Amino acid sequence: MKKTKQLIAALSLLLSGIGSAQADYTLNLMKGVTRISNEVYDMHMIALWICVAVGVVVFGTMFYSIYYHRKSMGHEAEQFHENTTVEIIWTIIPTIILVVMAIPATKIMIDLDDASEAEMTIKVTGWQWKWEYEYLDEGIHFFSSLDEESNRARQIGSGIDPTSVPHYLLNVDNPVVIPVHTKIRFLFTAADVIHAWWVPDLGWKKDTVPGFINESWTEVDVPGTYRGQCAELCGQDHGFMPIVVIAMEKADYAVWVEEQKELALAEQNAAQKEWSKEELIAKGETVYANNCASCHMADGAGMSGVFPAISGSPLVIGDIDAQVDLMMKGQGMMPAFGQMLSPVDFASVATFIRNGLGNAVGDSIQPSVIQKQQSTLAAVEDDE
Amino acid sequence: MSAETAEHDHHDHGPAKGLLRWIVTTNHKDIGTLYLVFALVMFFVGGLMALIIRTELFEPGMQFIEPQFFNSMTTMHALVMIFGAVMPGFVGFANWMIPMMIGAPDMALPRMNNMSFWMLVAGFVLLISTLFMEGGAPAAGWTMYPPLVLQTGNALPFAIFSIHLMGISSIMGSINIISTIFNMRAPAMTLMKMPLFVWTWLITAFLLIAIMPVFAGAVTMLLTDRFFDTSFFDAAGGGDPVLYQHIFWFFGHPEVYVLILPTFGIASTIIPVFARKPLFGYASMVYATAAIAFLSFIVWAHHMFLVGMPLAGELYFMYATMVIAVPTAVKIFNWTATMWKGAMTFETPMLFSIAFVVLFTIGGFTGLMMSLAPLDFQYHDTYFIVAHFHYTLVPAAIFMLMAGGYFWLPKWTGNMYDERLGKLHFWLSAISVNILFFPQHFLGLAGMPRRIPDYAVQFTDWNMISSIGAFIYGFSQLLFVYIVYKTIKGTGCEKATDEVWEDASKHGLEWTIASPAPYHTFLTPPEKIPTEHY
């Protein structure tokens with residue numbers, strides 16, 4: 001019924017050309033919330049209107065000709081086939097129009113290229129399929145992935161209506177928080193393949209290239225929540241790694257920074273605590289759903305030829321150290337989760353897959369052990 | 001003239017009988033037919049993939065296919081349409097028409113002609129077979145950027161070898177076209193009297209020879225990176241993933257002109273016939289085509305404004321790209337001026353040609369907008385660009401392939417196609433193609449990235465409309481198959497005259513021979529060529 005309604009709405013939209021069936025669709029580029037994004041919008045409108053004007057003249061001439069210069073109207077064909085003056089004029093006019101457009105475009109380019117004198121720096125790393133954010137000045141560090149509700153709804157046959165999920169596919173677990181009226185420099189890189197970080201309201205996007213660092217900058221004027229997503233094809237879940245930026249007043253931002261530091265401390269303490277096997281398995285189930293299920297499938301069956309099954313895998317039901325080592329360092333398409341998951345998440349999912357999804361090994365591993373391994377892993381990386 | 005040709009014909013062997021005729025043929029008309037049939041089949045294979053994509057995108061949520069398969073579909077749709085439908089379609093026309101337009105008896109290298117066709121078939125058997133392999137067909141986009149493409153399963157080497165085969169096939173075809181045009185023209189057919197279709201193909205053939213080895217090199221480097229431990233594109237080994245993009249787009253940008261220059265050629269051939277006027281600005285058309293071809297080699301990195309080039313590099317590529325608007329505008333103006341004060345009639349080929357000029361211009365406008373680098377920072381990799389390049393491919397390249405089909409089919413078969421059905425096919429296509437692609441501009445501007453299998457709910461309306469347009473467009477093309485079939489069979493069709501279109505023999509040599517065109521034509525070169533129009 002809902003689908004039929006939507007279809008009718010879409011059709012009526014199509015027929016009328018105007019008017020809206022659903023409130024929040026847009027036709028045009030958004031103005032955004034930075035000086036640059038507004039300049040880009042204005043430039044876009046200039047280019048659009050120039051094209052419309054040229055179109056009216058060219059198509060007008062063509063349709064005039066099509067109407068009046070028809071054989072059925074008794075029009076006789078004239079046999080001219082060149083006119084040097086006309087040809088020179090219509091070469092020069094487009095050239096002038098191009099120069100007129102190039103000047104403001106160049107200005108924006110120069111402006112956007114200058115990331116100097118930034119007041120803070122955030123390093124963004126693209127992963128398959130989540131974003132890692134490091135606040136280089138405050139020492140805040142977290143991963144940001146698609147929120148659980150969207151993730152459940154987007155599975156085939158989930159039976160969940162996407163329209164019932166708030167900000168379906170454009171919501172994350174941990175948003176990036178930034179202060180307004182602050183020039184922020186972003187550094188971009190990737191851990192596996194190329195991604196692109198795009199929030200339309202900021203007015204630009206940038207590729208994240210593994211092994212290289214790109215930069216850009218922004219200064220948001222208006223507090224608010226701005227949503228975007230990965231814009232460079234990066235594998236099967238390319239459509240499921242959104243970006244959420246929350247711009248706050250400076251005072252609110254300071255509060256948020258303190259909260260993050262406390263959270264980091266709490267995580268540290270949790271890693272030191274002794275966890276029971278049941279606690280680990282319970283937590284591991286969620287971690288598995290959010291991090292592993294998109295490749296190894298919700299039931300652990302994998303995908304033949306691409307993603308190995310977890311259920312009955314010799315690695316998983318074998319020596320726990322070998323399994324942890326592979327999860328830690330990654331292999332082929334499997335990302336190095338040692339850098340991605342907190343000690344608690346890592347230990348719980350490592351325990352869960354040994355004792356769930358049809359496996360029943362019975363052992364477990366403590367977050368504190370994982371933490372020790374992660375720190376040696378980091379040390380080795382620093383040596384390199 | 002036609003009587004003369006017919007006289008020459010009767011002491012030649014006709015075509016061989018049976019299936020073997022098509023396998024061993026060296027006749028340019030037979031090979032042209034093979035290419036065209038192949039292109040039509042691939043058009044439907046690629047179209048089916050497009051409909052799978054549009055079905056999944058009809059509404060938000062994942063309904064039918066896994067994201068990985070969705071990515072395979074977008075990748076294979078592009079490869080099949082570009083290398084399987086559009087390019088072979090134009091090669092088919094080149095085979096049929098270039099000898100007939102320049103007064104040559106056949107292509108210069110007939111055996112190589114046969115070989116280049118069957119290599120193409122072999123290449124596509126390899127490519128299509130990847131759909132049934134473990135790990136699925138390539139899913140990293142037709143641009144095949146590393147490192148992502150290196151995650152492909154067993155399909156990777158097969159896809160790479162199929163590209164090698166297509167490349168060899170294209171290079172052989174191009175060598176053939178160039179040697180035919182340079183060596184086999186009738187004595188009176190000087191270069192600046194050649195029909196525009198021949199000119200555009202000559203330039204296209206040079207483009208292909210220049211770029212296909214580059215593409216083959218790029219994919220071979222992928223092959224060695226994956227299987228032989230090289231690190232061309234791996235930063236950890238001292239390589240650079242962006243290097244691949246430079247190499248790829250050095251091929252890829254001229255490649256898009258390979259798809260559009262013959263399109264221009266067909267439009268420049270059809271419009272004068274139905275305007276009953278010579279083509280306006282013949283010389284400037286030739287120079288504009290050459291200028292576009294030259295520019296295509298120095299603008300490649302406008303596909304890469306986001307990768308982190310230095311400012312000076314970005315500005316250079318922006319300015320160079322904007323310049324392309326000038327020769328392209330000259331072409332549009334010339335077509336308009338050709339119609340101006342003509343005595344136009346609107347048979348199906350002309351309708352498709354007019355729609356091409358209008359809709360290609362819209363694609364040109366969005367191209368101009370994207371050439372402005374700061375705007376591309378927003379447009380890049382969104383549905384805006386999907387709308388852009390489909391406007392320059394579907395109502396341009398595909399429409400002109402259809403137009404060429406209607407235009408020359410009566411000459412090939414000796415039967416007129418059903419004009420009423422042709423016009424119906426045109427109107428269905430022209431309307432639905434806009435329902436299909438115009439809303440994609442809105443989606444892109446509103447922030448929908450390309451190559452995503454599922455989307456946020458605010459994109460629903462326009463995606464639904466686009467999908468509806470896709471189905472109307474897709475099924476309308478079955479009508480074309482029916483019309484072509486009916487024309488070839490000839491039952492109930494009017495017989496075509498030798499000239500086919502009113503006064504067409506003023507416009508080109510192909511209209512001076514009998515309809516249907518005899519198996520061998522111009523065994524002796526024609527003495528006179530229609531010059532008053534060039």
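Over which residues of chain B does pLDDT stay under 50, and how many contacts beyond four places in sequence does the model have for them? The structure above is a predicted model, and the stretch in question is residues 1-11 of chain B, for which the model has 18 contacts beyond four places in sequence. Chain B as a whole averages a pLDDT of 93, and 97% of its residues score at least 70. For the model there are two further scores, an ipTM of 0.90 and a pTM of 0.90.

Chain A contains 11 helices and 10 strands, and its C-alpha trace spans about 90 × 55 × 40 Å along the principal axes. The radius of gyration of chain A is 28 Å, whereas a compact globule of 384 residues would have one near 21 Å. Of the 384 residues in chain A, 35% are buried. Among the contacts in chain A with a separation of 6 or more, 66% are between residues 24 or more positions apart.

Chain A is also divided into domains, namely domain 1 (29-71 + 82-113), domain 2 (120-155 + 166-268) and domain 3 (273-383). Taken over C-alpha atoms, the centres of domain 1 and domain 3 of chain A are separated by 56 Å.

C292(A) sits in the loop between helix 6 (277-291) and helix 7 (293-296) of chain A, and C292(A) counts as buried because 22 other C-beta atoms lie within 10 Å, where 20 or more are needed. Although C292(A) and V349(A) are 57 residues apart in sequence, their C-alpha atoms are 9.2 Å apart in space.

The next topic is the place where the two chains meet. This contact takes 91 residues from chain A and 87 residues from chain B. On the side of chain A that touches chain B, at least two residues each are supplied by helix 1 (2-16), helix 2 (35-68), helix 3 (84-113) and strand 7 (204-208). Helix 3 of chain A gives the largest share of that side, with 15 residues. Sorted by class, the side of chain A that touches chain B has 48 nonpolar, 27 polar and 16 charged residues.

From the contact we pass to the nonpolar cores. The largest nonpolar core has 253 residues, and those with the most contacts inside it are V198(B), F356(B) and M400(B). Helix 4 of chain B (residues 67-102) gives the most to this core, with 21 residues, while domain 1 and domain 2 of chain A each provide at least three residues. If we leave aside neighbours within four places in sequence, M400(B) is in contact with T263(B), I266(B), A267(B), F352(B) and F356(B). A second, separate core has 22 residues, including W275(A), A347(A), A350(A) and L357(A).

Apart from neighbours within four places in sequence, A320(B) is in contact with L295(B), I298(B) and V299(B). A320(B) and M49(B), by contrast, are 271 residues apart in sequence and 35 Å apart in space, C-alpha to C-alpha.

Key: Residues are numbered from 1 along each chain as its sequence is written. Chains are lettered from A and ligands numbered from 1 in the order in which they are written. This is a predicted model: local features need pLDDT of at least 70, side-chain atom pairs count only at pLDDT 80 or more; totals for chains, interfaces and linings use all residues. Two residues are in contact if their C-beta atoms, placed from the backbone, lie within 7 Å. Helices (H or I, at least four residues) and strands (E, at least two) are DSSP runs, numbered from the N terminus. Ala, Val, Leu, Ile, Met, Phe, Trp, Tyr, Cys and Pro count as nonpolar, Asp, Glu, Lys and Arg as charged, and the others, Gly among them, as polar. Domain bounds come from an automatic or database domain assignment. A nonpolar core is a set of buried Ala, Val, Leu, Ile, Met, Phe, Trp, Tyr and Cys residues joined through C-beta atoms within 7 Å. A residue is buried if 20 or more other C-beta atoms lie within 10 Å of its own, exposed if 12 or fewer, and partly exposed in between; C-beta atoms are placed from the backbone. The radius of gyration is taken over C-alpha atoms; the globule rule is 2.2 Å times the number of residues to the power 0.38. pLDDT is the predictor's confidence in each residue, from 0 to 100.
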